[in-house]
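User: I am new to this structure and would like to learn how to read its features one at a time. Could you begin by showing it to me?

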Amino acid sequence: MRKAKPKKRILLPDPKFGDVLVTRFVNNLMLDGKKSIAYSIFYDAMEILGEKMKDADKAPLDIWKKALENITPQVEVKSRRVGGATFQVPTEVRPERKVSIAMRNLILYSKKRAGRSMAEKMAAEIQAAYNEEGAAFKRKEEMHRMADANKAFAHFRFWNTAYSSTFLCVIQVP
């Protein structure tokens, strides 16, 4: 990078649960700067989830966290061009990115669900992810399957395509 790395912004915990992870999720959920609407969608989804899963003996927030954990990928594939061929190289995911991908997938597949309101759709997707099913969980499984199928190319992860380290120096002795 040419410029200095930007400073990490410190997020404030959300007003209801006092959790920074919730704030991060709401920031991902937010559209056009409408944070209060995003908060209301999330809190309504938590209420719906609490009603649906009374028999789980867990707080809705704990269910949500477990659902996020269930859809968090450990590995992903990245395209790497070596010679003329493009390989899908499996790489480990950084911890920050893991959470980001999980949140993004949960929101994306909540939007794609059929239902009346976004809160209902989100509650349904969270419940499905908690039970290790649903579209977001399938996406994680698909990522892991692709990485497993391409593990033969894992050695390309550290390989330098510029060949800068492979030049040989030939010394002639007079």
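Analyst: Let us begin with the largest pocket, which holds about 410 Å³ of space. On a 1 Å grid over the protein atoms alone, a pocket is an open set of points where a 1.4 Å probe fits, with protein on both sides within 12 Å along at least five of seven lines. Its volume is the space filled by probe spheres set on the points, which are joined across faces, edges and corners. The model is predicted, so local features need pLDDT of at least 70 and side-chain atom pairs pLDDT 80 or more, whereas totals for chains, interfaces and linings use all residues. Residues are numbered from 1 along each chain as its sequence is written, and side-chain values use heavy atoms, leaving out hydrogens and water.

User: Which residues line the largest pocket?

Analyst: Lining residues have an atom within 4 Å of a point. Here they are Lys5, Pro6, Lys8, Arg9, Leu11, Arg24, Arg94, Glu96, Arg97 and Ser100. Seven are charged (Asp, Glu, Lys, Arg), two nonpolar (Ala, Val, Leu, Ile, Met, Phe, Trp, Tyr, Cys, Pro) and one polar (the others, Gly among them). Helix H4 (residues 95-112) contributes the most, with three residues; helices are DSSP runs (H or I, at least four residues), numbered from the N terminus.

User: Which residues touch the most other members of the largest nonpolar core?

Analyst: A nonpolar core is a set of buried Ala, Val, Leu, Ile, Met, Phe, Trp, Tyr and Cys residues joined through side-chain atoms within 4.5 Å. Buried means under 20% relative accessible area, exposed over 50% and partly exposed in between (1.4 Å probe, protein chains only). Among the 33 residues of this core, Phe25, Phe42, Trp64, Ile71, Met122 and Ile126 touch the most other members. H2 (35-52) supplies the most to this core, with eight residues. Leaving aside neighbours within four places in sequence, Ile126 is in contact (heavy atoms within 4.5 Å) with Met46, Leu49, Ile63, Trp64, Ala67 and Leu106.

User: Is Asn70 buried or exposed?

Analyst: Asn70, in helix H3 (residues 60-70), is buried at 6% relative accessible area. Apart from neighbours within four places, Asn70 contacts Ala129, Tyr130, Glu132, Phe137 and Lys140.

User: Where does Glu132 lie?

Analyst: Glu132 is in the loop between H5 and H6 and is partly exposed, at 48% relative accessible area. Most residues other than glycine have a negative phi. Glu132 has a positive phi, near 55°. Asp32 likewise has a positive phi near 55°; Asp32 sits in the loop between H1 and H2 and is exposed at 76%.

Conventions. Helices (H or I, at least four residues) and strands (E, at least two) are DSSP runs, numbered from the N terminus.
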